[in-house]
Amino acid sequence: MVMLAAGPFIVGWFTSIDEVQTAAVEYSSWIIWFPAAGFAGLQLYGIFIGATQTAPVRNSLIFR
């Protein structure tokens, strides 16, 4: 949410090159959506691994 509100200002902290700032602001929607997509993907990965591959996960915790 911070990136949505103050994107160009934050990008200015990382670079002073105008072309880079323009490209970063143009692609800022990816920066905003990436954490949500990553969270959803990793959560689903954990759910499906837990539902289908419980024996290897259990054994990796028990038999180190």
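## Helix α3

At 1.5 Å a residue, the 25 residues of helix α3 (residues 28-52) should span 36 Å, and this agrees with the 37 Å between its end C-alpha atoms; the expected span is 1.5 Å times one less than the number of residues. Helices here are DSSP runs of H or I with at least four residues, and strands are runs of E with at least two, numbered from the N terminus.

Along its course α3 bends by about 35° at Phe34, with the proline Pro35 following within four residues; the bend is the angle between axes fitted to the seven residues ending at a residue and the seven starting there.

## Basis of the model

This is a predicted model, in which local features need pLDDT of at least 70 and side-chain atom pairs count only at pLDDT 80 or more, while totals for chains, interfaces and linings use all residues. Residues are numbered from 1 along each chain as its sequence is written, and side-chain values use heavy atoms, leaving out hydrogens and water.

## The whole chain

The chain has four helices and zero strands, so that its pattern along the sequence reads α-α-α-α. Its C-alpha atoms fill a box of roughly 55 × 20 × 15 Å along the principal axes.

Of the 64 residues, 9% count as buried, where buried means under 20% relative accessible area, exposed over 50%, and partly exposed in between, with a 1.4 Å probe and protein chains only.

## The end of the chain

Phe63, in the segment after α4 (54-62), is exposed, with a relative accessible area of 63%.
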